[in-house]
Amino acid sequence: MSELMTRRFFLAAGSSAISLSGASDPNPSEYQRGGMIYRRLGQTGMDVSLLAFGSHTDPADRIRAAPPRKNVLSADGQARRDRMITRAFDMGVNLLDVYEEEGQWEPAARIVKDRRNRVLVSLATENPYLDPEQAFRLFGHVDLYRLQAQQSNPAVLESWDRLRKAKEAGKIRAIGLASHDERLLTTALDELEGLDYIFFPYNFIHARGDYSRFLPLAITKGIGLIAMKPLASGSIMQLDPRARPGAKPEFERLQLFGSRVRPVLPAAVAELTKSLDRMPDETLCMAALRFAFGQRFLSTVITGIFQEDLLEDDYRALTTYRQTRPEERAALDAARTVARLCGPEWLSPHYRWLEEQWRS
Amino acid sequence: MALLMAAFLAIVFSLTGFAQQEPFQEAGVCARCHVISVIEWGMSGHRRASTGCTACHGSSAGHIRDERNNVKPDRAPKGAAASELCADCHQTGCPKTAEKAGCQTCHHYHALVDPERPATTSAAARPTGSEARWQAFAKFMEEGEKLAQMGQWAQARTAFQNALREEPGDRRAALRMEACARRSKPDLPGFEIVEKEFDPGTGLARRVRLAGFHIPMVLAAGGEFEMGSDRYEAARPVHTVSVRPFYLGEYEITQAEWLAVMGANPSAHQGDAYPDAARMPVEEVSWEDAQAFVRALNEKVPGGGFRLPTEAEWEFAARKGGAEPVTSAAQSPHAVDRNRADGLGLHDMLGNVWEWCSSVSRRYPFDPADGRESADGSSLRILRGGGYADPVDLLDPAFRHAERPTRRLPYNGLRLARDVPAAR
């Protein structure tokens, strides 16, 4: 498949190739229970809620911790997070992603203990000093365990081999890879034996994967696809001129519409504001989430949830889930324009790689 | 067809006195297919003692579900494995002989009839000519055993050969003849015999050394064993497998041995940081590298026959020796002779480095004739035994790991196997 393949060509040729190959259904089977939608995760046999609870914690609640952890949460912060997770489970969310680097294994194990047959636990090998055996002791087994890798090297294969063996020993149900590097993801599809699923950045601005080599290959192989960064690490919130006071991106507040930027983009911002005004019950973030929810090749969309009102918004975006409406598409287009005119500055410095690697 | 089958069953039932079909009712779902076995079981003491199919074969749920018979029963013990199972209940052994082994030499697997009770196979029912041959056979066998006990191997071999003439194809006579032939000419091409200790069943030297390379190998005398484990999904179901006698490396192939044969050392753990490197196992070798190694060895050593063990052979040896993990979760491999040998004389069957097997990764039951021992193709190949960095629960004789045949990793090595040379 040519690297220069266009989106239109992919949609025409790729989808027919997929259906002819008969390898897998490009649209994961989907059903609704209560207000939640569930889709099959690749060929794992597991059904995951379309909205998943991400691992990131509220930066305001973090306290520095001794290695191998980076941070832990304050008592109040932990209580708030536990409350949000419980609320998410009540909504039907069944996939909980947990970072031990933020000291979350133990609290998460405590919360899921009585729901272990209904909740899927997702972990990552984000730190080689963390002992996965500790995770198995805490959770019994781990449903999804992924390797986080940014570049291909022999250590990736060794780490992957360890995950495979743990799966063969019955400690893990599905093993996956998370990466922000499309080349690595594409290579992984061929090189990583037993790959069940992939975490990759996907949002309406950084959706280059629509017509890349990686996505059609992954779909053909029946790999479960999990979208991360559906709100570009919260930065999309900052594109919304009507963003709720106090709402903030994950790491820092970007004064996108402050005095420095707003005068430069009056026409684009006016167009975005006009578009958003046509959907008074919906924020730009909700439209962005619905864009991701609407991609049938995705099994679930995982987003960092660390504010209770954001959780409610995310759920509302899901329960009103349908094909994006014309006014939503117009708003997303307008937001794309604003983001493009802003350059990479609309993103938190930590996430400017999204622009470099994944811009549509 | 159905009528014919019904008529056949009616005849069988009436002949065997099972017209009431009670054994079939008692045998339940098993009786749907295993008609003859159920009839045999129906006339046995096991039935009277309410010892049903599952007592020996397990629940065999997968086998019952699978109408194509791809899934074998949980257990189908034969030979030594069957005798071990008998001992679970008959703990004092045979009521008459007190023997605890070789139950099936007298007792049928299912019918379990009294061997002294006249039956269709009894001497009285045999034609006269056949009876004469049988008596001659028994005489030669007895004579052969006496000569063997006196160490007169050549004469014993002749006696067993005569026995075989009377009963061509008798397995026991053939094995005894082969064992005596080996004992009369114990030298094995390409091997130096380390100790003058021989396996009584096969007549083969228990410990040998590879001529020119001094690679020690021990005899795994072969037999039947229960392969697999319910503990791991890929190791299910547990099933009975038979392996022929073979030699297996006492140690994993070391870096020095690899260097001597291949002229280069690919291992990740070598250099000044590892003063014991020469005695450490070679690693960072792929399955294809391992095959190149055995090819090179076969060219250099008279008689050849070196190869990787099949995964059945590997598991047989690990179970026979009672291998136990000594260390786990280490940073690097250790010298191959650091740890004590297991009951078979093998070191580090569990731990140190993973060992490539010849077998392709396929679902159980293990059947060497189904193509899994093919040398061609790019299919995943089995590794066994666990490595230095693995947690202890992966260091299990039944645990199977599979890897691409081209992949080199710093914890994958090999152990040498060799066919037993034919008796001369």
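Tutor: Gly321(B) counts as buried, since its relative accessibility is 7% and buried means under 20% relative accessible area, with exposed over 50% and partly exposed in between, using a 1.4 Å probe and protein chains only. This is a predicted model, in which local features need pLDDT of at least 70 and side-chain atom pairs count only at pLDDT 80 or more, whereas totals for chains, interfaces and linings use all residues. Residues are numbered from 1 along each chain as its sequence is written, chains are lettered from A and ligands numbered from 1 in the order in which they are written, and side-chain values use heavy atoms, with hydrogens and water left out.

Student: Where is Gly321(B) placed, and with which residues is Gly321(B) in contact, leaving aside its neighbours within four places in sequence?

Tutor: Gly321(B) sits in helix α13 of chain B, where helices are DSSP runs of H or I with at least four residues, strands are E runs of at least two, and both are numbered from the N terminus. Contact means heavy atoms within 4.5 Å, and by that criterion, with neighbours within four places set aside, Gly321(B) touches Asp342(B), Gly343(B) and Leu344(B). The C-alpha atoms of Gly321(B) and Pro309(B), which are 12 residues apart along the chain, are separated by 15 Å.

Student: What makes α9(B) and α10(B) roughly antiparallel?

Tutor: The axes of α9 (residues 153-166) and α10 (residues 171-184) of chain B come within 8 Å and cross at roughly 160 degrees. Axes are lines fitted to C-alpha atoms, for helices over the stretch in contact, and angles run from 0 to 180 degrees between N-to-C directions. Angles under 35 degrees count as roughly parallel, over 145 as roughly antiparallel, 65 to 115 as roughly perpendicular and the rest as oblique, and therefore α9(B) and α10(B) are roughly antiparallel to each other. Their contact is made by residues including Trp153(B), Phe160(B) and Leu164(B) of α9(B) and Met177(B) and Cys180(B) of α10(B). By class, that contact has 11 nonpolar, 2 polar and 3 charged residues, where Ala, Val, Leu, Ile, Met, Phe, Trp, Tyr, Cys and Pro count as nonpolar, Asp, Glu, Lys and Arg as charged, and the others, Gly among them, as polar.

Student: How do you know whether α6(A) is roughly parallel or roughly antiparallel to α7(A)?

Tutor: Here the axes of α6 (residues 182-191) of chain A and α7(A) come within 9 Å and cross at roughly 25 degrees, so α6(A) is roughly parallel to α7(A). Glu182(A), Leu185(A), Thr186(A), Leu189(A) and Asp190(A) in α6(A) meet Phe214(A), Leu217(A), Ala218(A) and Lys221(A) in α7(A), a contact with 5 nonpolar, 1 polar and 3 charged residues. In α7(A), which spans residues 214-221, the residues Phe214(A), Leu215(A), Pro216(A), Ala218(A) and Ile219(A) are buried.

Student: Which peptide bonds are cis, the one from Arg236(B) to Pro237(B) and the one joining Tyr364(B) and Pro365(B)?

Tutor: The bond from Arg236(B) to Pro237(B) is cis, with omega near -5 degrees, and the bond joining Tyr364(B) and Pro365(B) is cis as well, with omega about 10 degrees. Pro237(B) is in the loop between β4 (223-227) and β5 (239-243) of chain B, while Pro365(B) lies in the loop between β8 (354-360) and β9 (381-384) of chain B.

Student: What area do chain B and chain A bury between them?

Tutor: About 1,400 Å² is buried between chain B and chain A, 46% of it on carbon and sulfur atoms, where buried area is the accessible area (1.4 Å probe) that two parts lose on being put together, summed over both. In chain B, His401(B), Arg404(B) and Arg407(B) lose the most area to chain A, together 33% of what that side buries.
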